[in-house]
Every structure is written in C-alpha cells, then in structure tokens.
Amino acid sequence: MLHVRVFRSGEAKAAYENGPLAGELRDEILDHVAETVMRVEARPSAAPPADPA
C-alpha cells in the first residue's frame, strides 16, 4: 500500500496535519496495515535466477 499526500502550500499542509481528519485517516491506515500480512519474494537484481536442476 502506498499513501501519498500532495499539498499546494505549507499552509495547506499545516491545516491538514492539525485538523481532526488527519488523525482519523492515520489511525485507519495503521489499523489496515496492522491487519495486512505481506510476503514478498525478492532477490538481488544482479543475481541470476537459481538453476532448478
């Protein structure tokens, strides 16, 4: 999950961060993330795939 906020000005950012909605959204997002289990298979991009043979 990726959450991005874009603000038109510093004042708009401050108004959002100090408003009641920011806390509610933050709590909702954190609750959702806490419930989500993510497992991602990863390998270095410079390493070739393992030979199954």
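Mentor: Happy to! Let's begin with the term itself: rings of Phe, Tyr and Trp (its six-membered ring) form a pair if their centres lie within 6.5 Å. This is a predicted model, and the structure holds one aromatic pair. The partners are Phe7 and Tyr16, whose ring centres are 5.5 Å apart; their planes meet at 45 degrees, so the pair is tilted. For that last word, keep in mind that planes under 30 degrees apart count as stacked and those over 60 as edge-to-face, with the rest called tilted. Phe7 itself is partly exposed, at a relative accessible area of 29%.

Now let's turn to charged side chains. Side chains of opposite charge can pair when their charged atoms come close. Here the count comes to one salt bridge, and it joins the side chains of Lys13 and Glu17, with 2.8 Å from N to O. Where do these two sit? Lys13 and Glu17 are four residues apart in helix H1 (residues 10-18), which means that about one helical turn separates them. Lys13 is partly exposed, with 37% relative accessibility, and Glu17 is also partly exposed, at 40%.

Next comes helix H2, which spans residues 20-35 and includes Asp31. Asp31 belongs to a negative surface patch, together with Glu24, Asp27, Glu28 and Glu35.

Finally, step back to the whole chain. Its secondary structure comes to two helices and zero strands. Of its 53 residues, 4% count as buried, where buried means under 20% relative accessible area. The chain exposes about 5,200 Å², and carbon and sulfur atoms supply 56% of that area.

Conventions:
Residues are numbered from 1 along each chain as its sequence is written. This is a predicted model: local features need pLDDT of at least 70, side-chain atom pairs count only at pLDDT 80 or more; totals for chains, interfaces and linings use all residues. Side-chain values use heavy atoms; hydrogens and water are left out. Patches are made of residues with over 30% relative accessible area and no salt bridge: like charges are joined within 9 Å, nonpolar side chains (Val, Leu, Ile, Met, Phe, Trp, Tyr) within 5 Å. Accessible areas come from the Shrake-Rupley method with a 1.4 Å probe; for residues, only the protein chains shown count as cover. A salt bridge is a side-chain nitrogen of Lys or Arg within 4 Å of a carboxyl oxygen of Asp or Glu. Lys and Arg count as positive and Asp and Glu as negative; His and the chain ends are not counted. The place of a charge is taken as NZ of Lys, CZ of Arg, CG of Asp or CD of Glu. Buried means under 20% relative accessible area, exposed over 50%, partly exposed in between (1.4 Å probe, protein chains only).
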